[in-house]
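This report goes through a sheet, a helix pair and a chain contact in turn. The sequence and structure come first.

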Amino acid sequence: MTTQIDRNDATRLGHDPVLTARALTKRYGWRTVLNRIDLTVHAGECLAILGPNGAGKTTLLRLLVGLVRPTAGSIEWFGRPAGDFGPAVRAQLGVVMHRIMLDPELTVAENLRYYARLYGVIDAAERIRALGEELGLTDRLGDRVRSLSRGFQQRVALARALLHRPRVLLLDEPDTGLDIASRIRLVDLVERFCADGGTVLMTTHAPELAIQLAQRAIYLERGRIVWSARGRDELDLYLRIQPRLVTV
Amino acid sequence: MSAWSQFTAIVKRDLLLEWRARELVLGMLVMTLLTLLVFNFAFDLSGVQRAASGSGALWVAIVFATLLGWGRAVALDRQEGAWEGLLLSPVERPVIFIAKLVSMLVFVTIVELVALLVLAVLFALPVLQPGVLAVVGLGTLGLCTLGTLFAAMTANVRSREVLLPALLFPLAVPVVIGAVRATTLELNGFTGDAAPWQNLLGGFAALFFALGALTFGSVTEE
Amino acid sequence: MATVTNTIRRPATAAWLSVLAALSFLLVALSVVLIFLYAPRDVAQGEVQRLFYLHLPTAWLSYLSFFIIFVSSILYLVRRHARWDRLARSAAELGFIFTTLVLLTGSIWGRPIWGTWWTWDARLTTTLVLWFIYLGYFLLRAYVADPERGARYAAVLGIVGFVDIPIIHMSVRWWRTLHPQPIVVRSEGPAMPPEMLVTVIVTLVAFCILHVFLLAVKYRIETTRDEVIELRGALEQHG
C-alpha cells in the first residue's frame with residue numbers, strides 16, 4: 001500500500017511556482033514508467049528526486065526538460081501555458097545528464113563556445129573564462145574532452161549547463177563516477193547556485209548528497225511518488241525508515 | 001541568439017568534427033570509388049554507351065555513399081549525447097534541419113567532386129561542364145533533404161541500416177530517374193532536353209526542403 | 001506540454017455497419033454478375049479483359065487509401081489524437097492489400113496481351129513504387145518500439161510519401177515516353193460500349209463501398225486493440 005504524504009503546496013514562499021507538473025504519466029505501450037506525478041517547485045528550491053533504479057527518475061527529468069512527450073498530464077514552466085515548450089523555456093534550463101553531451105573530439109573551449117553560440121550567450125569568452133576558473137578547468141581548456149577523466153568531463157558538462165545563466169538547473173545523478181575533488185566542487189556549485197536564487201532539481205542515488213544539498217526531496221518508486229520530505233531532519237528520518245516501508 | 005548564428009555554430013561544429021575525425025568523408029569516398037570500379041567491370045564504362053552507364057554508375061555510387069554517410073553521421077552525433085544537448089538548447093527545429101542538411105551537403109559535395117574527377121580522367125567522360133554540375137547539385141540536394149529527415153527519424157530505431165534505405169529508395173525514385181536521365185543527356189550534349197528534368201529535380205528539392213523543415217520537429221521528440 | 005489524447009469511446013452501434021456489409025455484398029455480387037454475364041466479350045483481348053473491371057477500382061482504392069493516410073497523418077500531427085493514427089493504420093493495411101491486387105491483376109491481365117508478366121509501363125511502375133512505400137510504412141511501425149513514436153514517424157512518412165506520389169508518377173511517365181517502347185499498352189479508350197461503361201461504374205461503386213466497409217471494420221478492430229492496451233496499462237498503473 002503506497003503512502004502519498006504530499007506536502008507540495010503553494011503556501012510556501014508565496015512566489016509563483018517555477019514548475020508545475022500535474023498528473024504526469026508516461027507509458028510505453030502498456031508499460032507505465034511514470035504514474036500520475038504531481039510536482040510543484042518554487043524558485044530557489046533545491047529538490048532531490050530519490051528512488052531505486054528503474055523508478056522513473058531519469059524519465060521524469062527527460063519529460064520535464066522536453067526531450068520526451070508525456071502520455072498524459074501537463075508540465076508548466078515559469079507559469080507558461082502547458083504545451084508551450086519552446087526555445088524561451090529551454091533557454092532558462094541548464095541540464096546535466098548521465099551522458100555528458102559534449103563532443104569528445106573537440107576541446108573544452110570549443111565545446112563551450114559552441115554551446116554559447118547555441119544559447120546566444122553574449123559575453124561568451126568572459127563567461128567561459130569565469131566558469132573555467134570556478135570549476136577548476138582553466139588549465140584544461142585546450143584539451144580534447146576525450147582526454148579528460150570522468151570527473152573533469154562532468155565539470156565541463158556543468159560549465160556547459162551554466163553558460164547561459166539558467167534559472168533552473170536539472171541534474172541527473174550528477175555524482176556518479178565522480179572523484180572526491182569533483183564531488184566537492186559539485187556540491188559547492190549547487191549550493192552557490194541555490195543561494196543565488198536558482199532552482200535545482202537533482203536525481204540521485206546517494207542519500208548523503210540529498211541531505212547535504214536538498215531542502216526538499218521526493219522518493220520515486222515504480223513511477224509513483226511514495227513519499228516527500230521537507231527539511232533535513234525529515235529527510236533523514238524518511239531515509240532511515242525507507243527500507244522498512246512496504247510498498248506494493 | 002539569432003537563428004543565423006545558431007545555424008553557423010552547428011555547421012561549423014559539424015565541419016570541425018569531421019576535420020578532426022575524418023571518418024565520414026573518407027568512408028563515403030571509399031564507397032563511391034569502389035562502386036565506380038565495380039560498375040566498370042559490370043558495365044562498360046569506357047565503351048560507346050558510356051554516357052548512359054557512366055551516369056548510372058555515378059548516381060548509384062552517390063546514392064549508396066549518401067546512405068552510408070547518413071548512417072554514420074547520425075550515429076556519430078549521438079555519441080555522448082551531443083544530439084540531445086542540441087535538442088535541449090533553444091534552437092528551433094527547422095534551423096537544426098537546415099544546418100544538418102548543409103553540413104551533409106558539404107561532405108557529399110567533396111566526395112562527388114572526386115567521383116567526377118575520376119569519371120573525367122579514367123573514363124573520359126565530359127563531366128566537368130556546367131550542365132552536368134548543375135544536375136549533380138540539384139539531384140544531391142533532393143537526396144539530402146529526404147536523407148536528413150529520415151536519417152534523424154531512423155537514428156534510434158533498430159535495423160536502421162535496413163530501414164533507412166527501405167524508406168528512402170522508393171521516395172527518391174524521381175531524383176534517381178531525373179538525375180540519371182539529365183546527366184546522360186548533358187553528357188551527350190542534349191542540354192535542351194535535360195531542362196525539364198532539371199526543373200523536376202529543382203522542384204523536388206524545394207518541395208521536400210519545405211516539408212522536411214516543417215516536420216523535423218515531430219521527428220526529433222523521443 | 002501537450003500530450004496524446006487516447007480517450008476511447010465505444011464505437012458506434014453495429015447497425016449501420018451491418019447495413020454497409022449487406023450493401024457491399026449486394027453490390028459486389030451485382031458486379032460479378034455484370035462482369036461475367038452482362039459486359040460483352042472484348043474483341044481484341046478476349047475473356048482476360050474482364051480482369052480490368054477489378055484492376056481499375058483496386059487501383060483507385062490503393063491511391064485513395066494513401067490519401068486517407070495523408071489526411072489522417074496531418075490530423076494526427078496537429079491534433080495528436082489516437083483516432084487519427086488508428087485511421088491511418090487501418091487505411092494502410094487496406095491500401096497495401098489493394099496495391100498488391102493492382103499489381104497482380106495488372107500482371108495477369110497483361111500476360112496474354114503483352115507476352116510478359118511485367119512491363120515497366122508508367123502506371124504499373126508507379127504502383128510498384130507505391131507498394132514499396134507502403135512496405136516501408138509497415139516496416140517503420142514494426143521497428144519502432146514505442147507505439148507513440150511509431151505513430152508520429154509513420155505520420156511523417158505518410159505525408160512525405162503522398163506528396164511524392166504525383167512526382168514519382170510524373171518522373172516515371174517521362175522516363176517511359178522518352179524511352180521507345182517495344183510494346184504499346186492498349187488503354188481503355190473513351191469509345192467503350194455502354195455495357196462496359198455500366199459494368200465499370202457499378203464495379204467501381206461496389207468496391208468503394210466495400211472499401212468503406214472494410215475500413216470501418218478494421219478501424220473498430222484497431223480501436224479494440226488500443227482499448228486492450230489502455231486497460232492493461234491502467235491495470236499496471238493502479239496495481
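## Sheet in chain A

A:Thr25 has A:Ala72, in strand 4 of chain A, as its bridge partner. Strand 1 (residues 17-28) of chain A runs antiparallel to strand 4 of chain A, and five bridges join them. Strands (E, at least two residues) and helices (H or I, at least four) are DSSP runs numbered from the N terminus, and two strands pair if DSSP finds at least two bridges between them.

The open sheet has three strands in the order 2-1-4 (chain A), paired antiparallel. Strand 2 (31-42) and strand 4 (72-77) of chain A are its edge strands, each pairing on one side only.

## Model and numbering

This is a predicted model: local features need pLDDT of at least 70 and side-chain atom pairs count only at pLDDT 80 or more, while totals for chains, interfaces and linings use all residues. Residues are numbered from 1 along each chain as its sequence is written, with chains lettered from A and ligands numbered from 1 in the order in which they are written.

## Chain contact

The contact takes 23 residues from chain A and 22 residues from chain B; residues are in contact if their C-beta atoms, placed from the backbone, lie within 7 Å. On the side of chain B that touches chain A, helix 1 (3-21) and helix 4 (82-88) of chain B each supply at least two residues. Helix 1 of chain B gives the largest share of that side, eight residues.

Terms used
Two residues are in contact if their C-beta atoms, placed from the backbone, lie within 7 Å.
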